[in-house]
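Thanks, everyone. I'll keep this short and go helix by helix, then loop by loop.

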Amino acid sequence: MRSAEGRPVRGQTDLWTLAIILGLAAVTVLTRCFFFILDRPWALPSWAQRALQYAPVAALAGVVLPEVVMTNGQLVSTLFDARLFAAAAGAALYFWRHSVLLTLIGGMAVYLPLHLGLGW
């Protein structure tokens, strides 16, 4: 239902929005159930399996890197940013010990004093 100005009335969903929600739900169910619908076993090619081994690292880099080098959509303009030093310390600790826990603790041990103590 629309008001006299042509805007939707509050509290009601128009048909276009409902159709989009149902369409997205159908696509989600279909893609998640695709492997159950097939009548024979299906396996990824070996090159795809090898490539998927790097997916978690690529996804993590895609989430973390912009958060480290950008502020409000702009590149960090100064080297006096606690996130840069914490990321460098965390990366160094990971390459030294290959421990995710040590990486997190070490990165935060560098970040917190710089951010809270020095205001970086």
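One cut-off before we start: a residue counts as exposed when its relative accessible area is over 50%, and as buried when that value is under 20%. Keep in mind that this is a predicted model.

Let's begin with α4. The helix runs over residues 82-97, which is 16 residues. From first C-alpha to last, α4 reaches 22 Å, close to the 22 Å expected at 1.5 Å a residue.

Which residues of α4 are buried? They are Ala82, Arg83, Ala86, Gly90 and Leu93. Viewed down the axis of α4, these buried residues fall within an arc of 95°, so they line one face of the helix. An α-helix has 3.6 residues a turn, so residues three or four places apart point the same way.

Now turn to the other side of α4. There, Phe95 and Trp96 are exposed.

What covers the buried residues of α4? The cover includes α3, residues 55-69. It also includes β1, residues 70-71, and α5, residues 100-117.

Take α3 next. Two packed helices are described by the angle between their axes and the distance between the axes. For α3 and α4, the packing angle is about 140° and the axes are 8 Å apart. That makes α3 oblique to α4. The reasoning needs one cut-off: roughly antiparallel would take an angle over 145 degrees.

Who meets whom at this contact? From α3 come Glu67, Val68 and Val69. From α4 come Arg83, Leu84 and Ala87. By class, the contact of α3 with α4 holds four nonpolar residues, two charged ones and no polar ones. Note Arg83 in particular: this residue is on the buried list of α4, and Arg83 also takes part in the meeting with α3.

Leu79 and Phe80 are both placed in the loop between β2 and α4. Is Leu79 buried or exposed? Exposed, with a relative accessible area of 67%. Phe80 is exposed as well, with a relative accessible area of 54%.

What does Leu79 touch, leaving aside its neighbours within four places in sequence? Leu79 is in contact with Leu84 and Phe85. Leu84 has come up already, as one of the α4 residues that α3 meets. Leu79 and Trp120 are 41 residues apart along the chain, and their C-alpha atoms are separated by 9.6 Å. For Phe80, take Ala91: eleven residues apart in sequence, 18 Å apart in space, C-alpha to C-alpha.

Now the backbone. Which residue just after α4 takes a positive phi? That is His98, at about 55°. His98 is not a glycine. His98 is found in the loop between α4 and α5. At 56% relative accessibility, His98 counts as exposed.

Asn72 lies in the loop between β1 and β2, with β2 being residues 74-75. Asn72 counts as exposed, at 77% relative accessibility.

Last stop, α5. Leu101 has its place in this helix. Leu101 is exposed, with a relative accessible area of 58%. Leu101 and Leu112 are eleven residues apart in sequence, and 16 Å apart in space, C-alpha to C-alpha.

α3 is oblique to α4. Happy to take questions.

Key: Residues are numbered from 1 along each chain as its sequence is written. This is a predicted model: local features need pLDDT of at least 70, side-chain atom pairs count only at pLDDT 80 or more; totals for chains, interfaces and linings use all residues. Side-chain values use heavy atoms; hydrogens and water are left out. Helices (H or I, at least four residues) and strands (E, at least two) are DSSP runs, numbered from the N terminus. The expected span of a helix is 1.5 Å times one less than its number of residues. Buried means under 20% relative accessible area, exposed over 50%, partly exposed in between (1.4 Å probe, protein chains only). The arc is that of the directions from the helix axis to the C-beta atoms. Contact means heavy atoms within 4.5 Å. Axes are lines fitted to C-alpha atoms, for helices over the stretch in contact, and angles run from 0 to 180 degrees between N-to-C directions. Angles under 35 degrees count as roughly parallel, over 145 as roughly antiparallel, 65 to 115 as roughly perpendicular and the rest as oblique. Ala, Val, Leu, Ile, Met, Phe, Trp, Tyr, Cys and Pro count as nonpolar, Asp, Glu, Lys and Arg as charged, and the others, Gly among them, as polar.
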